[in-house]
Structures are given as structure tokens and as C-alpha cells.
Amino acid sequence: MNIILLGPPGAGKGTQARHLVEARGMVQLSTGDMLREAKDSGTEMGNRVAEVMARGELVTDEIVIGLIREKLETSKGSGFIFDGFPRTLAQADALGTLLSETGQGLNAVIEMEVDDEALVARITARSTCGACGEVYNDITKPIPADGKCSHCGASDFRRRADDNEESLRTRLMEYYKKTSPLIGYYYAKDKLTKVNGLGEIAEVQTSIASVLDA
Ligand code: AMP
């Protein structure tokens, strides 16, 4: 089963994708994570995209489609979760082609709805475990008192360079201008289901599970 988690930055796509990986053995394909890895490893492409990402703009379709193509060829599991991809109509078309070339399809697109106020609150309070990627929030899910990640025990917590109000404004504009047209695109293909992303993490998990098990 292949699915897309669609929604603005801070909607909880990464958190829900990580749960699906653990619960169902699916493979999370997050272009944001792939780009951050490229940035950290200092490759030429990583250096090129670092500034674009810090500003909150989208990197080129060519780069992210290339990353996804490579992962689709090399990853194995019980289905893919596309997290943060596609973000433009061109990327959505490319994904359709890549999947059909490998004899696969797309089962569902889950749109996670969250209002802008909640997004700002979530993102400016967000930190991530540098070792395993577990996501924390200063208010709703604080870093444990012993300073160790509850998932892997590491104590290397990071805030993303683009998790500040200025980049977030750009990221939201990019979402509304370039990514939100995908809602209509997948609705027309009869793939879209909306889920309320504002609830507790476990409630959102239940809503997503009921879409996948339907
Ligand atoms: P994310 O971790 O999904 O919030 O992505 C972080 C940043 O990486 C975005 O603000 C973009 O600069 C870049 N990025 C991630 N995925 C894509 C994509 N599919 N298309 C273009 N840029 C992307």
C-alpha cells in the first residue's frame, strides 16, 4: 500500500509517518529528511539547497524527483509513505509516472487539516532527536526530564534551522501557492481523504488507520 501524507508544515506528517513505519512496516520517504541529510553531509547538492531550505522556499522539482526515484529503486518494505512529497503538480505527475513504471499504484492521499495558528505554535516549539528523529514539542510533548530521548535514549536534541517564524511564513505561502492545488488534483482522481490533524497524536493515528483499513 502506497500513501501520501499531505498537509502544511507542522501538520504532523512526520510524526504520523514514523508511527506507520513502526506499526505497519511501511517505508517513510521524506524529501525534507533526504535534503537535510544531503545538507549535513556537505555534498554539492546539499550545499546548493541549504540556503533555499533555510529561507523556506521549495527546492527544484528536478532535485526532489531525483531523490525519490533513487529511493523507490533501492527501498523495500510493505508500502511507501510519501511525506512532504509531492509538493507541486509537476512532482505529483512525476510520482504517478515513477509508480506506474515500477508496476505500482497510489492507494490513498491523506490530507491532514490544521489551522495556521496551531501550525505556528507547533513549529516554533518543535525539536527533534538528532539520533532517531523522534519529534518533541515544548508544550505538548516535552523532552523527558532525564534529558534522554524516550525512543532511543540519545541526548542530542536539535531545532531545525527553518523552524522560525520568518521561514515558516514563507513555507506556508509556498504550501498555499504550490502544494494546496494537489488537494483538487487527488480529489479528482478519487484518492483524497481529509483527516483532522488538530487532535491528540493517538486520535490522528486512529483516523489515519481507519482510512488505511477501509
Ligand atoms: P520538510 O521537512 O518536509 O518540512 O521540508 C523542509 C524543506 O525542504 C522545505 O521547506 C523545502 O525547502 C525542502 N523540501 C522538502 N520536500 C520538498 C519537495 N517535495 N519539493 C521541494 N522542496 C522540498
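Predicted model: local features only at pLDDT ≥ 70, side-chain atom pairs only at ≥ 80, totals over all residues.
Biologist: At what angle do helix α2 and helix α3 pack?

Modeller: Two packed helices are described by the angle between their axes and the distance between the axes. For α2 (residues 31-40) and α3 (residues 44-55), the axes are 8 Å apart. The angle at which they pack is about 120°.

Biologist: Is α2 oblique or roughly perpendicular to α3?

Modeller: The angle between α2 and α3 is about 120°. Roughly perpendicular covers 65 to 115 degrees, and roughly antiparallel starts over 145.

Biologist: Which residues of α3 does α2 meet, and how many nonpolar residues does the contact have?

Modeller: From α2, the residues in contact are G32, L35, R36, A38 and K39. They meet M45, G46, V49, A50 and M53 in α3. By class, the contact of α2 with α3 has 2 charged and 2 polar residues, and the nonpolar residues number 6.

Biologist: How are α2 and α4 oriented to each other?

Modeller: The axes of α2 and helix α4 (residues 61-74) come within 10 Å. They cross at roughly 100°. An angle of 65 to 115 degrees counts as roughly perpendicular, and therefore α2 and α4 are roughly perpendicular to each other.

Biologist: Which residues of α4 make the contact with α2?

Modeller: On the α2 side, the contact is made by T31, M34 and L35. By class, the contact of α2 with α4 has 6 nonpolar, 1 polar and 1 charged residues. The residues of α4 that take part are I63, V64, L67, I68 and K71.

Biologist: Turning to the rings, how many aromatic pairs are there, and is the pair of F80 and F82 stacked, tilted or edge-to-face?

Modeller: The count comes to 5 aromatic pairs. The ring centres of F80 and F82 are 6.1 Å apart, with the planes at 45°. Planes under 30 degrees apart count as stacked and over 60 as edge-to-face, so the pair of F80 and F82 is tilted.

Biologist: What is the relative accessible area of F82, and which residues form a cluster with it?

Modeller: F82 is buried, with a relative accessible area of 0%. F80 is buried as well, at 5%. Ring pairs link F82 into a cluster with F80 and F85.

Biologist: What is the geometry of the aromatic pair of Y185 and Y186?

Modeller: Both Y185 and Y186 are buried. Their rings lie 4.8 Å centre to centre, with 85° between the planes. Planes over 60 degrees apart belong to one class, so this aromatic pair is edge-to-face.

Note on methods: Residues numbered from 1 in each chain as written. Heavy atoms only, no water. Axes fitted to C-alpha atoms, helices over the stretch in contact; angles between N-to-C directions. Helix = DSSP H or I, 4+ residues; strand = E, 2+ residues; numbered from the N terminus. Contact = heavy atoms within 4.5 Å. Nonpolar A, V, L, I, M, F, W, Y, C, P; charged D, E, K, R; others polar. Phe/Tyr/Trp six-rings, centres within 6.5 Å; stacked < 30°, edge-to-face > 60°. Buried < 20%, exposed > 50% of the residue type's maximum accessible area, 1.4 Å probe, protein only. Parallel < 35°, antiparallel > 145°, perpendicular 65-115°, else oblique.
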